[in-house]
Amino acid sequence: MTATDNHRAAPATPAAGATPAAGATLPRDPVIRLEALFDTGSLELIAPDTGTGAIAAAGLIDGTGAVAFASDPRVQGGASGEAGCAAIVAAYEEAVRRGVPIIGLWHSGGARLAEGVASLHAVGTIFAAMTRASGLVPQISVVLGPAAGGAAYGPALTDIVILSGLGRIFVTGPDVVRSVTGEDVDMARLGGHEPHSRRSGVASIVTDTDTEAIAQARRLAALLGDHGKVADDPRGADFSGLLPASPRRAYDMHPVIDRVLDAPGVELFPKWAPNVVTTLGRLGGGTVGVVANNPLRLGGCLDATSAEKAARFVRMCDAFGIPLVVLVDTPGYLPGVGQEWDGVVRRGAKLLHAFAECVVPRVTLVTRKAYGGAYIAMNSRSLGATRVLAWPGAEVAVMGAVAAIRILHRRTLAATEPEKLHDTETALAAEHERTVGGLQRALDLGVIDEIIDPAQTRQAIAHAIAAAPQARGAHRNIPL
Amino acid sequence: MVANVWKVVAAEGQQLEAGDTLVILESMKMEIPVLAEEAGTLSKLHVAEGDVVQEGDLIAVLG
């Protein structure tokens, strides 16, 4: 073909070991890819395909309107020039005009070399269109092949990024990396599943196959595009036996989340900062976002990365008017030199800001404990929670009673004979609970509204959401 | 995050299912079970009760 073929970011063959099962990869024809995304027979091209390298279409997903575009990897490796970028910008304008989700299917080497600075300018107009649409309509990116340079930052500006088996995202490919830094790395290790699902936080979801990637995009478009309404009185669910007998024992929060929702939802970033779980699903038929500590990971501590992950999710839900369910079991913010130097103060502040500005109905449930700064950050009353619920036996405090009295009564304890130390600590802790801690104090202060029977969890949360005024945050969703 | 090995639950040579507990760590006043990610035989345990482990340390090998 032409010299620009050299610009292809990637050969069609994946690295060894990364090959998905036969038949799992969609054909390279963008119209076939778009047809797989929309309900059968509903696709309508927004403009005729003139070989611009990108195709845009409108259609239905699960009966709800949506707009989508796909880069055409058959033309110059999907690289974007002026015409292709204009088609994508037009798709964005159409999505905003209709008020429907927009889905991008990416497989592109970035800006077209042959068009020089004109293609750079054109790619920049896509970024501007994405930012104008941010917070107005849900934006989902599905990366089916290599997405390099401008094609990497396109998805990164959207709300949700799904990375399929052969999808690769990087600013510069292995050849450039090798020549500049001397690092020898293949495309999968540089910008495939492992780095983007566990390390970088670039990919919200990874899938082995294109079919699964498209299926997840459809589920998310339906959840974000058609919220429905949270019914006041959903069916109940059995939460017994989910908490371990020992209050010190860690447990997995996922089964609790699954029971709060009507059916298991779509978890975003399951392997990145897993000490916080962010899941979209339905409660009583209406779309909700769940933010939960997971005691199984880092004991449920918040840290810099998980606070940032949660903050972005909260702001996304707020921008689209999706109510939040916040499940709390956290011993605090993670201490350590690494955390402080990593900016746990700056990045943790994002979560405080996100909840404090949030106007959607947001209900907190403390399952077991909420200590310290993390108590405040997890949608406390002080930050404006719609309603704060607690299961019986939950604790809300600056820290655990024993840890607190070891600081408050340091001198007394230092003077205590070792054999009496345990008894003294126990007595002081009980006294501390009576005077400053305990659930009753939290109820008296109004920072917890109600202690609920776990069997009534779904009803109590749904009722609080249904009774609250429906609102929607007036802000964009910057990729925090 | 630093943790103490509070209790060793599984023994070398033991057949394990995915989700079985290998050891229980203690950190941040919490007991945190370390679970087998897939089924297999526990071929080697690299820690004993009372050891201090860091993120990234090898705890056990499943064969």
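Author: Helices (DSSP runs of H or I, at least four residues) and strands (E, at least two) are numbered from the N terminus. This is a predicted model, in which local features need pLDDT of at least 70 and side-chain atom pairs pLDDT 80 or more, while totals for chains, interfaces and linings use all residues. Residues are numbered from 1 along each chain as written, chains are lettered from A and ligands numbered from 1 in written order, and side-chain values use heavy atoms, without hydrogens or water.

Reader: Which elements of chain A each supply at least two residues to the lining of the second largest pocket?

Author: The second largest pocket (an open set of 1 Å grid points with protein on both sides within 12 Å along at least five of seven lines) has a volume, counted as space filled by probe spheres, of about 540 Å³. Of its 22 lining residues (an atom within 4 Å of a point), those closest to the centre are A:Pro247, A:Arg248, A:Lys369, A:Tyr371 and A:Glu395. The elements that each give at least two residues to this lining are strand 13 (362–371) and helix 14 (401–408) of chain A.

Reader: How are helix 14 and helix 16 of chain A placed, parallel or perpendicular?

Author: The axes of helix 14 and helix 16 (residues 418–435) of chain A, as lines fitted to C-alpha atoms, come within 9 Å and cross at roughly 105°. In helix 14 of chain A, A:Ala401, A:Val402, A:Ala404, A:Ile405, A:Arg406 and A:Leu408 meet A:Glu425, A:Leu428, A:Ala429, A:His432 and A:Glu433 of helix 16 of chain A. Because the angle lies in the 65 to 115 degree class, helix 14 and helix 16 of chain A are roughly perpendicular.

Reader: How is helix 10 of chain A oriented towards helix 12 of chain A?

Author: Helix 10 (residues 304–320) and helix 12 (residues 344–357) of chain A pack at about 25°, with their axes 8 Å apart. Because angles under 35 degrees form one class, this makes helix 10 and helix 12 of chain A roughly parallel.

Reader: Which element supplies the largest share of the lining of the largest pocket?

Author: The largest pocket has a volume of about 1,900 Å³, and of the 48 residues that line it, the closest to its centre are A:Arg198, A:Pro274, A:Arg297, B:Glu37 and B:Glu55. The elements giving two or more residues to this lining are helix 7 (193–199) and helix 11 (337–341) of chain A, with strand 3 (21–27), strand 4 (30–35) and strand 7 (60–62) of chain B. The largest share, four residues, comes from strand 4 of chain B.

Reader: Which residues does A:Gly228 contact, leaving aside its neighbours within four places in sequence?

Author: A:Gly228 is found in the loop between helix 8 (210–225) and helix 9 (254–260) of chain A. A:Gly228 lies 135 residues from A:Val363 in sequence and 18 Å from that residue in space, C-alpha to C-alpha. With those neighbours left aside, the residues in contact with A:Gly228 (heavy atoms within 4.5 Å) are A:Arg282, A:Gly285 and A:Gly286.

How values were computed: Axes are lines fitted to C-alpha atoms, for helices over the stretch in contact, and angles run from 0 to 180 degrees between N-to-C directions. Angles under 35 degrees count as roughly parallel, over 145 as roughly antiparallel, 65 to 115 as roughly perpendicular and the rest as oblique. On a 1 Å grid over the protein atoms alone, a cavity is a set of points where a 1.4 Å probe fits but cannot get out, and a pocket is an open set with protein on both sides within 12 Å along at least five of seven lines; lining residues have an atom within 4 Å of a point.
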